[in-house]
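User: I'm new to reading structures, and I'd like to work through this one with you. Could we go step by step?

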Amino acid sequence: MSPLPSLTFLHFDAGASPDREGSRAWVPMEKAWQTNDDLLKQTRLVKLAPVREMESWALADLDKVNQLAGCDVRRPDVFESDLLGDVERLTKPKRTLTEALRADSGRRRSRRKASECLPLLAERVRLDRLDRVPSFARWRADTVAALRELSFIR
């Protein structure tokens, strides 16, 4: 028998209504999880639910986005750039990130799709910037609590 993971993350985008999306994604998974055998109950299920989309988290560190774009992305030709200080208010974070990365269209790297840049931003984004995003802070706290419960950390 293979060992089971200690933590399992259920990712879903919370959209404009985290409670509604949670009832669609989280509640059914949690119920199904609870009906499994005792071995599965030893694995902690942790909710990973960015508000709107994961791209909102990528936009949390504007310094890193600006570096990747090659310019300051807080400009009128970037969709909802006026909301970049509160990324969970963005209505279409994928669009905002894509337009931000294309803001300096004279640069070759800025023509990449947002999805291509997400891994790079994930490696470089500063945790203190992400901690300002409520959905990230919630996920981090839930993960730490699960790790404590499993005695991985104190």
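This is a predicted model: local features need pLDDT of at least 70, side-chain atom pairs count only at pLDDT 80 or more; totals for chains, interfaces and linings use all residues.

User: How do α4 and α5 lie relative to each other, parallel or oblique?

Analyst: Helix α4 covers residues 62-69 and helix α5 covers residues 93-101, and their axes are 8 Å apart at an angle of about 50°. Those axes are lines fitted to C-alpha atoms over the stretch in contact, with angles from 0 to 180 degrees between N-to-C directions. Val-65, Leu-68 and Ala-69 of α4 make the contact (heavy atoms within 4.5 Å) with Leu-97, Ala-100 and Leu-101 of α5. The two helices are therefore oblique.

User: Which helices do the buried residues of α5 pack against?

Analyst: Buried means under 20% relative accessible area, exposed is over 50%, and partly exposed is in between (1.4 Å probe, protein chains only). In α5, the buried residues are Pro-93, Thr-96, Leu-97, Thr-98, Ala-100 and Leu-101. Their packing partners are α3, α4 and α6.

User: Which residues does Asn-66 contact, leaving aside its neighbours within four places in sequence?

Analyst: Asn-66 sits in helix α4. With 13% relative accessibility, Asn-66 is buried. Leaving aside those neighbours, its contacts are Cys-71, Asp-72, Val-73 and Arg-74.

User: Switching to rings, how far apart in sequence are the parts tied together by Trp-57 and Trp-139?

Analyst: Rings of Phe, Tyr and Trp (its six-membered ring) pair if their centres lie within 6.5 Å; planes under 30 degrees apart are stacked, over 60 edge-to-face, and the rest tilted. There are 4 aromatic pairs in the structure. One of them joins Trp-57 and Trp-139, tilted at 45° between planes and 6.3 Å centre to centre. Trp-57 is in helix α3 (residues 54-58) and Trp-139 is in helix α8 (residues 134-149), so the parts they tie together are apart by 82 residues.

User: Which residues make up the cluster of linked ring pairs?

Analyst: Phe-136 and Trp-139 also pair up, and since their centres are 5.4 Å apart with planes at 50°, the pair is tilted. Both of these residues are in helix α8, 3 residues apart, about one turn of the helix. Trp-57 is buried at 7% relative accessible area, and Phe-136 is buried at 5%. The linked cluster consists of Phe-9, Trp-57, Phe-136 and Trp-139.

User: What is the phi of Glu-80?

Analyst: Most residues other than glycine have a negative phi. Glu-80 is in the loop between α4 and α5 and is buried, with a relative accessible area of 17%. Its phi is positive, though it isn't a glycine: near 55°.

User: How far apart are the C-alpha atoms of Thr-91 and Glu-80?

Analyst: Thr-91 is also found in the loop between α4 and α5, and is partly exposed at 41% relative accessible area. Beyond residues up to four places away in sequence, Thr-91 touches Arg-52, Phe-79 and Glu-80. Thr-91 and Glu-80 are 11 residues apart along the chain, and their C-alpha atoms are separated by 8.1 Å.

User: Last one: is Ser-151 buried or exposed?

Analyst: Ser-151 is in the segment after α8. Ser-151 has a positive phi of about 65° without being a glycine. With 63% relative accessibility, Ser-151 is exposed.

How values were computed: Residues are numbered from 1 along each chain as its sequence is written. Side-chain values use heavy atoms; hydrogens and water are left out. Helices (H or I, at least four residues) and strands (E, at least two) are DSSP runs, numbered from the N terminus. Angles under 35 degrees count as roughly parallel, over 145 as roughly antiparallel, 65 to 115 as roughly perpendicular and the rest as oblique.
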